[in-house]
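Load the model in your viewer and keep the selection panel open. The tour moves from stop to stop.

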Amino acid sequence: MDRNIRTLDDVLRLLDGLFAPEADRWTAEAASWWDGFYADRSKPVPFFSAKPDENLVSYLDRGLITAGHALDLGCGPGRNAVHLAARGFEVDAVDLSPQAVAWAEDRAREAGAEVRFHRGDAFDLCGTVLGGPYDLIYDSGCFHHLPPHRRLSYLDLLDRALAPGGHFALTCFAAGTMTGSELPDADFYRQARLHGGLAYTPGSLRWIFSGLSEVEMRRMQDEPADSPRFGQPFLLAALFRRDALP
Ligand SMILES: C[S@@+](CC[C@H](N)C(=O)[O-])C[C@H]1O[C@@H](n2cnc3c(N)ncnc32)[C@H](O)[C@@H]1O
């Protein structure tokens, strides 16, 4: 007999287990799925190029965010973490995949950038090695790979790690672009699949992150191949601020 549910964490882990590793990217085995994804660094994956997100560069250039302590959540090969370090941030960067972190460390070394990289599940590491509070939590393409129930863990992480007055920015699949899945949340559980990622509308992001104040929400700009920035119009780019303490 199997009576494993007693806490909220037990529920979250049971739901994690519904998504089989071979089909999707969120399970205890997700790290090895991502390791396989990053094994060949020469693959023509748009975000494999060592360019920072155009929206991140734009926030910095316009003074919407200023240097401080940053966390790059799901940093992958580290392109945004390295850019933040070059722009004067003290940077922590975390990723599930040891391959991604090894690649990111190589890039930081080559760029002479100082970044503290951490391997593991951001939600497990929050409150321990990921101390915070952070003036900026940046997520390019991690949130949309999480199953719906992990939004609870994500919001909890923001609650614990984002400094009052700090900013949270994310890019994620935009609905209507044929990239992320537009199925209703319940269907991911019925089908036990995440279909390669979830699409979001501006309204759904506003609702999920309603505890924060919206600064800017728009589609990412399409950047030409020779641009020094990364930009794909199928992504939504959102910037929020946590209100400062009264
Ligand atoms: C689409 S990739 C984006 C990588 C990087 N942000 C970029 O844009 O170049 C998503 C990344 O999120 C990471 N990830 C997914 N869930 C995570 C979790 N719970 N904790 C830490 N990293 C996670 C994956 O390992 C993967 O490298």
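Begin at Asp92 and Arg116: their side chains are joined by a polar contact of 2.8 Å. This is a predicted model, so read every distance as one computed from predicted coordinates.

**Stop 1: Asp92**

A second polar contact, of 2.9 Å, links the side chains of Asp92 and Tyr134. Now colour by secondary structure. Asp92 belongs to strand β2, which covers residues 90-95. Is Asp92 buried or exposed? Asp92 is buried, because its relative accessible area of 3% falls under the 20% cut-off.

**Stop 2: the ligand**

Select the ligand and display the pockets. The ligand sits in the largest pocket. Next, show the residues around the ligand. How many are there? The shell holds 18 residues, and the closest are Tyr38, Gly74, Arg79, Asp95 and Ser140. Colour the shell by residue class. Nine of its residues are nonpolar, six are polar and three are charged.

Switch to the cartoon view. Two helices to pick out are α2 (30-38) and α6 (122-125), each of which supplies at least two residues of the shell.

- Select Asp95. An N or O atom in the side chain of Asp95 lies 2.6 Å from an oxygen atom of the ligand.
- Select Asp121. Here a polar side-chain atom is 2.9 Å from a nitrogen atom of the ligand.
- Select Ser140 and show the backbone. A polar backbone atom of Ser140 is 2.8 Å from a nitrogen atom of the ligand.

The ligand taken alone exposes 590 Å², and the protein buries 98% of that.

**Stop 3: His149**

Select His149 next. His149 lies in the loop between β4 (134-140) and α7 (151-161). The backbone oxygen of Leu12 is 3.3 Å from a polar atom of the His149 side chain. Is His149 buried or exposed? His149 counts as buried, because its relative accessibility is 7% and the cut-off for buried is under 20%.

**Stop 4: Ser42**

Go to the loop between α2 and α3 (54-61), where Ser42 lies.

**Stop 5: the loop between α8 and α9**

Select Ala192, found in the loop between α8 (185-191) and α9 (202-208). Check its backbone torsions. Phi of Ala192 is near 50 degrees, a positive value in a residue other than glycine. At 27% relative accessibility, Ala192 is partly exposed.

Stay in the loop and select His195, which also lies between α8 and α9. What is the phi of His195 near? The value is near 55 degrees, which is positive in a residue other than glycine. How accessible is the residue?

**Last view**

Return to the ligand and show Asp95, Asp121 and Ser140 together. Their distances to the ligand are 2.6 Å for Asp95, 2.9 Å for Asp121 and 2.8 Å for Ser140.

Notes
Residues numbered from 1 in each chain as written. Predicted model: local features only at pLDDT ≥ 70, side-chain atom pairs only at ≥ 80, totals over all residues. Heavy atoms only, no water. Near = heavy atom within 4 Å. Polar contact = N/O pair within 3.5 Å; in protein donor to acceptor, adjacent residues only side chain to side chain. Areas by Shrake-Rupley, 256 points an atom, 1.4 Å probe, with all protein chains shown as cover. 1 Å grid on protein atoms, 1.4 Å probe; cavity = no way out; pocket = protein on both sides within 12 Å on 5 of 7 lines; lining within 4 Å. Sits in = over half its atoms within 2 Å of the grid points. Helix = DSSP H or I, 4+ residues; strand = E, 2+ residues; numbered from the N terminus. Nonpolar A, V, L, I, M, F, W, Y, C, P; charged D, E, K, R; others polar. Buried < 20%, exposed > 50% of the residue type's maximum accessible area, 1.4 Å probe, protein only.
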